[in-house]
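This report describes selected features of one protein model.

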Amino acid sequence: AVTVAVEDLSKPIPVNVKMGTADMYVDVASMVEGPAPTFPQIKLAQGIFKGSVLGVLGGTGSDSPSESAVLSNGDVVVVGSTTSSNKDFASHSNSKRAGFIAQTTSDGDVLDATVLEGASMSGISSVSAGSDDSFFVAGYYQNDSAPSGDFEGLNLVESPQRDAFIAKYDSQGKRIWARSISSSFTEQFETVIATDDGGCVASAEVMFAQGKTYDGNIDSAMPGMVNAVVVKYDKDGNKEWDVAVGCNGITDPQGGLAVRDDGSYLLLVERTASNGFFEGAPFYGEGVDGQTRYVDFEIGAATISKDGTAELLGVYGGNLNDSMNSAITTSDGGFAFVGYTESTTQTFAGREGEGDSGYLAKCDANGSVEWVAMLESSGDSSLNSVVETEEGYLAVGSAEASDGDFESMDKGGNDAVVATFDRHGNRTSLRTFGGTKDDDAVQAVSFD
């Protein structure tokens, strides 16, 4: 037997066995506590996210996806807007921006792509899959005269303004029905979600001039010049109810609509005041040098019952501008939302980055903040979308940053960002994707 005694184990002990085998034992009882070991920092050139599927959809114009939904057979419906009139969008008759609906396989192969025709401009912002492989799309259209084609008959007033539209399609991509929010003012749908009854619920941004009379088909009173409106449709496209959430200013729903476990709805909005629906709620904004800027937003949350009654759930923000891009309900009955913030107080207390910070905020079922995770840098970042995973959460967005949390990760220009977090808000990974121009990650989707 050979005994080797050393003062510490900071350096490896060479052992040379020329023949045979050797059993080695450590005399733990004789060991004494020494300095804690140190390990060199390792920077990964390749992150843990290795793409297995790459699909390309588009033409030679500008093609912008907004959202996607997975059907039960694994096919994917992608929506957005395009100016292309060739390749995948050869059916587009001109170069005006128009909404598109494309179906692909789970491997990214394009099965079909349809461009909506009949308006001078249109776009689709959201899509949601129903249980029978039908799907709903929602967005906007505008025309200088009565629209035709896919939008024929949707105008309720003679108006050159922007109207919101929503439509249901079957599994083969054939339209079943279409409806609109129409007035002489401006409306557009932001988010649509299929519901268990075969219908859908959708959030819209509805704008009209204060002091004027609203002449559209929203029944609820709207207190502001820009209001968040939620509309419920049954399976045949009949409106069941609508409800408006607003203040004497701007209330924007963005992508903040979700369905709760009890069948009620969650609505998160950006807001500029604490009156109207938010009467009595705090507004944290202090502005720059004590002057609140008109564009400073904060975030509000409402719960909406199955019959369309809205109640305030919570407000979130800080001393400067706070933006919310989308929200989800979570398996514990709470919810999470993402966006970006300039604030350093209240909900976003402790933020130290000089630029806009992308964030993920987690709240319990009653709207109380459990934790907020932020991406910090002297550059700007934003998170656009979040999904819940077995380990916690995965969020995507963009960043134009090269220091702080993004040290040595800058690809050039604006980079797409993927970040993962555990269930306590600790970031477990962060990676950027892109080239020397601007790149953005729009949406995260779970494949069951």
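## Burial and conventions

A residue is called buried under 20% relative accessible area, exposed over 50% and partly exposed in between, with a 1.4 Å probe and protein chains only. By this criterion S203 is buried, because its relative accessibility is 0%.

The model is predicted: local features need pLDDT of at least 70, side-chain atom pairs count only at pLDDT 80 or more, and totals for chains, interfaces and linings use all residues. Residues are numbered from 1 along each chain as its sequence is written, and side-chain values use heavy atoms, with hydrogens and water left out.

S203 belongs to strand β10, residues 200-207; strands (E, at least two residues) and helices (H or I, at least four) are DSSP runs numbered from the N terminus. Contact means heavy atoms within 4.5 Å. Leaving aside residues up to four places away in sequence, S203 touches F189, E190, T191, V229, V230, P253, Q254, L257 and L267. Q188 is 15 residues from S203 in sequence, with a C-alpha to C-alpha separation of 8.8 Å.

## Strand pairing

Two strands pair if DSSP finds at least two bridges between them. An open antiparallel sheet of 4 strands has the order β18-β19-β20-β21. Its edges are β18 (322-329) and β21 (369-374); each has a single partner strand, so one side of each lacks a neighbour in the sheet. Within this sheet, β19 (335-341) and β20 (357-363) are antiparallel and share 7 bridges, with T341 bridged to S357 of β20.

Strands β1 (63-70) and β2 (76-82) also run antiparallel and are joined by 7 bridges. S68 has V78 in β2 as its bridge partner. The hairpin has 5 residues between these strands, and G74 adopts a positive phi near 95 degrees.

## Aromatic rings and charges

Rings of Phe, Tyr and Trp (its six-membered ring) pair if their centres lie within 6.5 Å; planes under 30 degrees apart are stacked, over 60 edge-to-face and the rest tilted. The structure contains 16 aromatic pairs. F151 and F165 are edge-to-face, because their ring centres are 5.2 Å apart and their planes stand at 85 degrees. F151 is in the loop between β6 (135-142) and β7 (162-169) and F165 is in β7, so the pair ties together parts 14 residues apart in sequence. Both F151 and F165 are buried. Elsewhere, Y316, F335, F337, F348 and Y359 make up one aromatic cluster.

A charge sits over a ring if NZ of Lys or CZ of Arg is within 6 Å of the ring centre and within 35 degrees of the ring normal. R162 places its charged end over the ring of Y140, 3.7 Å from the centre, while R423 lies over the face of Y393 at 5.9 Å from the ring centre.
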